[in-house]
Amino acid sequence: MKYIEASQFGGPEVLQLKEKQTPQPGEGTLLVEVKAAGINYADVMARSGFYPSVPKAPFAPGFEIAGVVSEVGHGVNGFKAGDHVAAITLAGGGYATHVVIPAATAIPLPPELDPALGVAILVQGLTALLVLEEARVKANDRILISAAAGGVGSIAVQIAKAKNVKVVGLASSSKLERVRSLGAEHVLDYNQPGWSSTALEILGSHGVQAYLDSDGDLATEAFPLLGHGAQWIIFGVRSSGQKPMPVNYLWPMIEKNITLRGFNLEGSLQHVPRALGDLFRWLADGTVKIEINKYPLEDAATVHELFAARKTTGKVVLVPTK
């Protein structure tokens with residue numbers, strides 16, 4: 001089998017294509033031939049040495065896959081060779097032609113579904129839906145979404161629109177029309193100096209009821225846009241650019257009863273079966289459309305560089321070749 005290994009913590013250049021003997025499934029596990037491996041910011045953070053569940057290198061990255069069961073381990077019921085499945089691979093190893101996963105973590109997929117779409121609704125689709133639910137926004141509320149053209153952001157925009165929530169989407173200038181086409185009421189270039197002043201003119205004194213933040217910069221220019229009782233939810237952190245919260249943010253936060261909190265998909269696993277049902281239904285009826293960008297497995301280093309630089313849109317996947 002072929003797989004990607006991060007030889008050490010560092011930049012994209014540490015990702016190397018390797019080969020080893022294809023493993024056999026053990027008790028309660030499945031050997032899956034990977035058809036699509038999703039790329040998420042967790043992968044970038046892990047490669048950079050900032051992800052808590054990856055304490056040392058070398059390691060094999062990749063936290064979500066979709067593929068076909070090749071072999072079934074002893075004691076496994078409900079799966080057979082040829083079944084189409086997806087899984088969140090908390091132990092990593094998804095950037096590969098094959099991976100062994102616990103059968104209990106396998107999610108059955110319809111055979112006709114593109115494996116890349118199966119991957120897209122796992123980490124990023126589930127995050128988009130569940131973080132929106134945590135924000136407790138309702139029809140006609142306004143919400144600010146960072147990286148609104150990205151994997152999580154683009155899905156969140158569409159789900160919010162379906163719930164009649166008014167979206168203000170942040171993206172780079174080349175992606176603004178993309179975000180608008182997804183259903184955002186207003187789009188703003190986060191690279192434009194003073195963009196928040198423009199947003200304040202649009203939003204007025206009421207501001208937004210929630211900010212879905214994938215940057216994790218506590219000195220964000222978005223802070224003045226948060227309205228009374230707003231939820232500021234951080235679900236991602238860039239590997240650079242974070243600054244501490246300015247002291248002058250504290251009193252407005254208290255005065256306006258603003259809640260600052262984090263979101264981790266692992267803390268919401270009890271909602272996954274129901275949320276996946278919603279996502280599959282929205283994919284089927286066209287409520288949610290996901291842009292897929294596929295790259296060969298061996299291009300993992302190049303793709304990481306593009307991904308971290310925000311030069312991609314939609315869901316980015318690696319496709320292994322035999």
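**Entry 1: a pair of strands.** I began with arginine 142, which stands opposite lysine 166 in strand E9. I kept in mind that this is a predicted model. Strands E8 and E9 pair in the parallel sense, and I found four bridges between them.

**Entry 2: the whole sheet.** Next I asked in what order the strands of the open sheet lie. The six strands run E10-E9-E8-E11-E12-E13, with parallel pairing. E10 and E13 are the edge strands, since each pairs on one side only. From one strand to the next, I noted a twist that averages 15°. Helix H2 (residues 115-135) packs on this sheet and touches E8, E11, E12 and E13. The direction of H2 makes about 150° with that of E12.

**Entry 3: strand E12.** I then looked at E12 and its two neighbours. E11 (residues 208-213) runs parallel to E12 and is joined to it by five bridges. Here I found leucine 212 opposite isoleucine 233 of E12. E12 also pairs with E13 (residues 259-262), again in the parallel sense, over four bridges. In that pairing, glutamine 231 has threonine 259 in E13 as its bridge partner.

**Entry 4: helix H5.** I moved on to H5 (residues 195-203), which lies across E8, E9, E10 and E11. H5 runs at about 165° to E10. Which residues of H5 are buried? I listed Trp195, Ser196, Ala199 and Leu203. Looking down the axis of H5, I saw that its buried residues fall within an arc of 90°, so they line one face of the helix. The cover over the buried residues of H5 includes strands E8 (142-145), E9 (166-171), E10 (186-189) and E11. After H5 comes glycine 204, and its phi is positive, near 75°.

**Entry 5: serine 48.** Last, I looked up a single residue. Serine 48 lies in helix H1 (residues 41-48). Is serine 48 buried or exposed? Its relative accessibility is 17%, and buried means under 20%, so serine 48 counts as buried. I also found a polar contact of 3.5 Å between the side chains of serine 48 and arginine 47.

Notes:
Residues numbered from 1 in each chain as written. Predicted model: local features only at pLDDT ≥ 70, side-chain atom pairs only at ≥ 80, totals over all residues. Heavy atoms only, no water. Pairing = 2+ DSSP bridges. Buried < 20%, exposed > 50% of the residue type's maximum accessible area, 1.4 Å probe, protein only. Arc of directions from axis to C-beta. Contact = heavy atoms within 4.5 Å. Polar contact = N/O pair within 3.5 Å; in protein donor to acceptor, adjacent residues only side chain to side chain. Axes fitted to C-alpha atoms, helices over the stretch in contact; angles between N-to-C directions.
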